[in-house]
Amino acid sequence: MPAAEGMAGLAKGLAILEHFGQARPSLTISEAAELTGLSRAVARRCLLTLVEVGYLTHDGRYFAPTPRLLRLGDAYVESTALPQLAGPHLAAVRENVQESASLAVLQNDDALFIARSEARRIVNTGVRVGAAVPAYASATGHVLLAGLAEADLEVYLARCTPQPRTPKTPRTAAEIRDRVHRAREERAAFTDEELEYGLRSLAVPVLDSRNHVVAAMSVSATAARISMSRMRKDFLPILHEQADLLGRKL
């Protein structure tokens, strides 16, 4: 039926859009088909439709997002309670530590950033709203995984296939499990160049009224600028304070 076909086409187009990101700023038809499991013909139709409606550009070989695609992310941030509620608390963290602060949720085994308060720096950490990073390789991800029941964590570990981002990236289920258990015990997680060279991160859980982990609040900084000891001593209490204040609203 037309309605069913229309919904299927929408789902396929959205599946393609989800694969654009910092690691893949552009895609060919073959790449889009391979990433989504669609046939080349279907991927081509979806991509050309997205060009026609203004979400992608096409140079004859590569398809790339246009600024119009930002509207989809803006619609979420502007209409959803959690990013709105988090805004003042992320700003408070930023003002106190003079580093950018972010909020992320667990989605499809990744830590998805849904809100951010940016510090004014010439060089930033590259994190942005809408970006997703592997949960196994990030402090934010370790905190979010720590909120899972142990059985759900084991299911995640069974399907997880870690890809080394740096020599420090956890590569085995045992290593990831250890990081997650530590994050659960300490109510915090730290990474030191596990996700990206020169990047250090700290994350803490945001708990709702039922004591469930609903998000992770984090700060990232370059290793050249911030030591791990300073993150633990100076940043951690501020992050815990603002995460707890946000949690009281949920």
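Me: Helices here are DSSP runs of H or I with at least four residues, numbered from the N terminus. In this predicted model, which helix is the place of Phe-235?
Reply: Look for the run that covers position 235. The stretch 228-247 does, and Phe-235 sits in it. That helix is α9.

Me: Is Phe-235 buried or exposed?
Reply: Buried means under 20% relative accessible area. Phe-235 has a relative accessibility of 2%, so it counts as buried.

Me: What separation do the C-alpha atoms of Phe-235 and Leu-202 have?
Reply: Leaving out residues up to four places away in sequence, Phe-235 touches Val-97, Glu-99, Leu-202, Val-219, Ile-226 and Arg-230. Leu-202 is 33 residues from Phe-235 along the chain, yet their C-alpha atoms are separated by 8.2 Å.

Me: Over to α2 and α3: are they roughly parallel or roughly perpendicular?
Reply: α2 (residues 29-36) packs on α3 (residues 40-52) at about 110°, with the axes 8 Å apart. Angles of 65 to 115 degrees fall in one class. The two helices are therefore roughly perpendicular.

Me: And how many residues of the contact of α2 with α3 are nonpolar?
Reply: α2 brings Ile-29, Ser-30, Ala-32 and Ala-33, while α3 brings Arg-40, Ala-43, Arg-44 and Leu-47. Sorting that contact gives one polar residue, two charged ones, and the nonpolar ones number five.

Me: Within what arc do the buried residues of α2 fall, seen down its axis?
Reply: Ile-29, Ala-32 and Ala-33 are the buried residues of α2. They line one face of the helix, because down its axis they fall within an arc of 100°.

Definitions and conventions: Residues numbered from 1 in each chain as written. Predicted model: local features only at pLDDT ≥ 70, side-chain atom pairs only at ≥ 80, totals over all residues. Heavy atoms only, no water. Axes fitted to C-alpha atoms, helices over the stretch in contact; angles between N-to-C directions. Parallel < 35°, antiparallel > 145°, perpendicular 65-115°, else oblique. Contact = heavy atoms within 4.5 Å. Nonpolar A, V, L, I, M, F, W, Y, C, P; charged D, E, K, R; others polar. Buried < 20%, exposed > 50% of the residue type's maximum accessible area, 1.4 Å probe, protein only. Arc of directions from axis to C-beta.
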